[in-house]
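User: I'd like to learn how to read a protein model feature by feature. Could you walk me through one?

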Amino acid sequence: MQNRVTNERPPRVRLLDQQMAATNEGNDPADAMYRQLEAARQSAEEFIASHPAACLGAAVSIGILLGWWIKRQ
């Protein structure tokens with residue numbers, strides 16, 4: 001199987017990284033929040049990569065529940 005997922009970040013995210021690096025010295029609370037969000041994103045990607053069937057099942061289940069909920073109103 002060919003790996004079609006790249007580790008390269010989208011251009012917009014790279015631009016934001018460059019802007020944040022230019023404006024933040026590391027003491028900014030926004031910088032700390034960005035690092036936490038980045039760690040959460042990496043953690044989520046690792047979980048999805050290691051458990052694809054469970055994540056797909058959860059996504060389908062949530063979609064069905066939302067569809068039923070919207071249909072009732």
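**A surface patch, then the helices**

Analyst: Leu 56, Val 60, Ile 64, Leu 65 and Trp 68 make up a nonpolar surface patch with about 540 Å² of accessible area together. Patches are built from residues with over 30% relative accessible area and no salt bridge, joining like charges within 9 Å and nonpolar side chains (Val, Leu, Ile, Met, Phe, Trp, Tyr) within 5 Å. Accessible areas come from the Shrake-Rupley method with a 1.4 Å probe, and for residues only the protein chains shown count as cover.

User: What kind of model is this, and how are residues numbered?

Analyst: This is a predicted model, in which local features need pLDDT of at least 70, side-chain atom pairs count only at pLDDT 80 or more, and totals for chains, interfaces and linings use all residues. Residues are numbered from 1 along each chain as its sequence is written, and side-chain values use heavy atoms, with hydrogens and water left out.

User: Where is confidence lowest, and where is it highest?

Analyst: The score to read is pLDDT, the predictor's confidence in each residue, from 0 to 100. Where it is low, the predicted coordinates should not be read in detail. Here helix α1 (residues 11-23) is lowest, at a mean of 59, and α3 is highest, at 94. For the protein chain the mean is 78, with 62% of residues reaching 70 or more.

User: How many helices and strands does the chain have?

Analyst: Helices (H or I, at least four residues) and strands (E, at least two) are DSSP runs, numbered from the N terminus. This chain has three helices and zero strands, giving the pattern α-α-α along the sequence.

User: Is Leu 56 buried or exposed?

Analyst: Buried means under 20% relative accessible area, exposed over 50%, and partly exposed in between (1.4 Å probe, protein chains only). Leu 56, in helix α3, counts as exposed because its relative accessibility is 58%. Cys 55, found in helix α3 (residues 52-72), is partly exposed at 21%. Not counting residues up to four places away in sequence, Cys 55 touches Phe 47 and Ile 48; contact means heavy atoms within 4.5 Å. Across the chain's 73 residues, 4% count as buried.

User: How many salt bridges are there?

Analyst: Side chains of opposite charge can pair when their charged atoms come close. The criterion is a side-chain nitrogen of Lys or Arg within 4 Å of a carboxyl oxygen of Asp or Glu. The structure holds two. In one, the closest N and O atoms of Glu 38 and Arg 41 are 2.3 Å apart; these residues are separated by about one helical turn because they sit three residues apart in helix α2 (residues 29-50). Arg 41 also pairs with Glu 45 (2.6 Å, N to O). Shared partners join Glu 38, Arg 41 and Glu 45 into one network.
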